[in-house]
Amino acid sequence: MAEVNVREVALSTLLEMEREKEYSHVMVQSVLEKYDYFDTRDKAFLKRLLEGTIERKITLDAVINQVSKTPVQKMKPLIRSLMRMSAYQILYMDKVGPAAACNEAVKLAMAHKFTQLKGFVNGVLRTISREKESLLDFTGERYISFSDIQRASITYSMPEQVLKIWQQDYGKAEMLRMAEASLQVRPVYIRIREDITKAEKEKLLKALEETGVEVTQSSLLPYAYGLKKLDNLTKLPGFAEGLWTVQDVSSMFPAEVAGIKEGDFILDPCGAPGGKSMHAATKAGGKVQVEARDISEEKVWRMEENFSRMHLTQAKATCFDATVPDPDMLGKADVLFLDVPCSGLGIMGRKRDIKYHITEEGLESLIPLQREIIDTCIPYLKKGGVLIYSTCTVRKAENGEQVAYIMEKHGLTPESLDAYLPKELQDEDTKKGMLQLFPGKQDSDGFFVARLRKD
């Protein structure tokens, strides 16, 4: 398919995202599945263009606004999306010639009946092409009155609200490091089933590499592997056979630190998409029972589909609201996973527009929701049972402060994680039962996990 048509698909997708307010990772995956007949190069171009334009939106707008007489927010929606994706190609896609990006943008504007704006589109983009180095320098006179947070926001395309949280929790240096790390491209991680033989594992890794995929073992867990240069995950060797599942290294630690034993019953009230439950089901030789729950019937169906593909007959998925008490579950769980709804500030490298949906009201509403789930579900633990509390964020209010709440309100006792962790992750916090992973600092997403016991 001609490259211009790929750009047309990108433009219509960006427009739809803006109209529907749909999360980008959902729509990008849907578009890639719809156009699976594109050749590998075109699919890679489409994915990079969509994800990059979304991820760099704040920076792109700052660059365009330096050149354009019409501010980005006052442009027609189609022209706004067209300018952003074209500027992204010029600024960040080295293999795309600036002239090609400009010419194709003009063609798209004309094809959508914006012929009167072809001179504007061409002029702005050619100026960006000529002056891109100076336009990406946000230390000049134009920005002299900007605060550190304002400058970091446009440099790393990160909303000021998020940067303020990071600076308040961890200081300026760590705030800047996390902002930079959020733009780094990370591999897709998979967890290979621990119960397959060494020979089966070696055969699988060889088959993956023979497809052209670049495979790298994680330094943190022996069954975690990063994949790069891949096309369609579901068509890779071993997927249909249930030999592996997509799961970031960080989210493998809840099952890893739970100390699951033969005969345990594991309850996961906020279970979707099911990674932790599937991992837990493989522990203790699979001689366990796992129940994963979610409020969404569609997500429950997807979990059931994954359990079936992974041949996990010891795991089941049910539709249930984690905030609604279940009298039948009282005192039954040996291990309780509480992976509560959170701000997602640790996984922005994978879900690129989470950062644009963060609001003060939304953040404030999370704390009482998390506590409602905590209060509802902790009674499901047996005496002597283990709670594994986790989030995919780095925000202290949702992590350490919630652990303190659990200890004070419910009397649970934190237990050291060191016996379950590689030495490189052990620190003073892990001795107190808490592990905070940071994006770009470890071989993982940003993630928090804590282990507490019910006495």
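**Exercise 1. Determine how many aromatic pairs the structure holds, and classify the pair Y35 and F38.**

Solution. A search of the whole structure of this predicted model finds 9 aromatic pairs. Rings of Phe, Tyr and Trp (its six-membered ring) pair if their centres lie within 6.5 Å; planes under 30 degrees apart count as stacked, over 60 as edge-to-face and the rest as tilted. The ring centres of Y35 and F38 are 5.0 Å apart and their planes stand at 40°, so this pair is tilted. Y35 and F38 are both buried (under 20% relative accessible area; exposed is over 50% and partly exposed in between, with a 1.4 Å probe and protein chains only). Ring pairs also link Y35, Y37 and F38 into a cluster.

The model is predicted: local features need pLDDT of at least 70, side-chain atom pairs count only at pLDDT 80 or more, and totals for chains, interfaces and linings use all residues. Residues are numbered from 1 along each chain as its sequence is written, and side-chain values use heavy atoms, leaving out hydrogens and water.

**Exercise 2. Classify the aromatic pair of Y170 and F438, and state the accessibility of each residue.**

Solution. The centres of Y170 and F438 lie 5.1 Å apart with 85° between the planes, an edge-to-face pair. Y170 has 24% relative accessibility and counts as partly exposed. F438, at a relative accessible area of 10%, is buried.

**Exercise 3. Find which charged residue sits over the ring of F239.**

Solution. A charge sits over a ring if NZ of Lys or CZ of Arg is within 6 Å of the ring centre and within 35 degrees of the ring normal. The charged end of R309 sits over the F239 ring, 3.8 Å from its centre.
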